[in-house]
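Trainee: I am new to this structure, and I would like to learn how its descriptions come about. Could we look at it together?

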Amino acid sequence: MKFIVSSSSLLKQLQNISGVLNSNNSLPILDHFLFEISDNEVKVTASDLETTMMTSIKVESKENGIIAIPAKLLLDTLKSLPDQPLTFSIDDKTFGIEISSDYGKYKLSGQDGAEFPKTPEVESPSKMEVAGELLFNAIEKTIFASGNDDLRPVMSGVFFQLSKEDLTFVATDAHKLVKYGRTDAKASKASSFIMPKKPLNLLKNILSSTDDTIQVEYNETNASFSFENTQLICRLIDGKYPNYEAVIPKENPNKLTIDRNALLGSIK
């Protein structure tokens with residue numbers, strides 16, 4: 001099996017999904033990227049079982065196949081190479097990988113891609129579309145307030161509250177609380193779920209450089225975010241989010257309007 005790909009475009013896409021990888025995985029194959037080659041396109045997957053990210057890259061290939069390539073070794077190799085076409089030659093029997101460049105050849109030992117965990121599917125999902133900038137702002141303005149208490153996992157993520165009128169994003173660690181509402185986006189029906197912190201940080205890093213519309217699909221256990229040539233699927237936090245409305249004062253007569261920069265300067 002053989003395919004040719006640009007080193008810079010491959011490195012960029014792998015860096016986008018490499019944040020999923022853990023330093024100590026329960027399954028050794030999770031230290032690898034899964035490469036699936038078909039129809040002049042390679043789909044690369046990274047997973048930690050809770051969160052899975054996939055990206056697609058155009059390649060030159062006459063064959064289809066599947067291989068798991070060591071993630072850290074591949075990233076380190078690509079970082080040391082200038083932009084050029086790379087030829088990946090894969091032995092389907094030994095799973096040996098040879099990368100040919102203008103500067104020489106590199107040999108890696110891969111694994112059978114069939115052993116890689118299957119990508120979870122979001123079955124019977126609810127769907128909505130949301131602007132990338134909106135989702136980026138929602139994550140950035142809420143995630144810092146989420147907690148780190150393992151005994152209260154529901155507070156370690158961001159609460160997505162969706163309705164036909166607006167979207168609300170809430171985060172709290174029981175000491176501080178952020179409620180961020182947007183009326184310029186809506187869902188087809190009222191629903192809610194709690195997103196873990198890790199996939200939200202991964203989304204935030206990628207969304208900072210894209211203006212694409214995000215396709216969101218979700219059910220009671222999983223959520224999927226698709227944009228450009230990238231997809232993120234994660235397991236949701238199971239549980240009931242605290243009644244945050246109860247702690248927000250409804251009839252507080254004490255109000256103050258102050259210049260933002262003056263307040264910021266005083267705090268600094």
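Trainee: Which residues does N219 touch, not counting residues up to four places away in sequence?

Mentor: N219 touches V122, E123, S124 and L236, where a contact means heavy atoms within 4.5 Å. Before we go on, note that this is a predicted model, in which local features need pLDDT of at least 70 and side-chain atom pairs count only at pLDDT 80 or more, while totals for chains, interfaces and linings use all residues. Residues are numbered from 1 along each chain as its sequence is written, and side-chain values use heavy atoms, with hydrogens and water left out.

Trainee: Why is N219 called buried?

Mentor: Buried means under 20% relative accessible area, exposed means over 50%, and partly exposed is in between (1.4 Å probe, protein chains only). N219 has a relative accessible area of 18%, so it is buried. Its place is the loop between β16 (213-218) and β17 (222-227); helices (H or I, at least four residues) and strands (E, at least two) are DSSP runs, numbered from the N terminus.

Trainee: How do you know whether T45 is buried or exposed?

Mentor: Its relative accessibility is 1%, so T45 counts as buried. T45 belongs to strand β3 (residues 41-47), and its contacts beyond four places in sequence include I17, H32, F33 and F116.

Trainee: Why is E228 called exposed, and why is A174 called partly exposed?

Mentor: E228 has a relative accessible area of 56%, so it is exposed. A174 has 45%, so it is partly exposed.

Trainee: What makes the nonpolar surface patch?

Mentor: L256, I258, L263 and I267 make a patch of about 440 Å². Patches are made of residues with over 30% relative accessible area and no salt bridge, with like charges joined within 9 Å and nonpolar side chains (Val, Leu, Ile, Met, Phe, Trp, Tyr) within 5 Å. A salt bridge is a side-chain nitrogen of Lys or Arg within 4 Å of a carboxyl oxygen of Asp or Glu. I258, in the loop between β18 (230-235) and α5 (260-267), has 45% relative accessibility, so it counts as partly exposed.

Trainee: Where does S18 lie?

Mentor: S18 is in the loop between α1 (7-17) and β2 (32-38). S18 touches F33 and L75, leaving aside residues up to four places away in sequence. The C-alpha atoms of S18 and D259 are separated by 41 Å.

Trainee: How many helices and strands does the protein chain have, and what share of its residues is buried?

Mentor: The protein chain has 5 helices and 18 strands. Buried residues make up 44% of its 268 residues. Along its principal axes, the C-alpha trace spans about 75 × 45 × 35 Å. Of the contacts with a separation of 6 or more, 66% are between residues 24 or more positions apart.

Note on methods: Areas by Shrake-Rupley, 256 points an atom, 1.4 Å probe, with all protein chains shown as cover.
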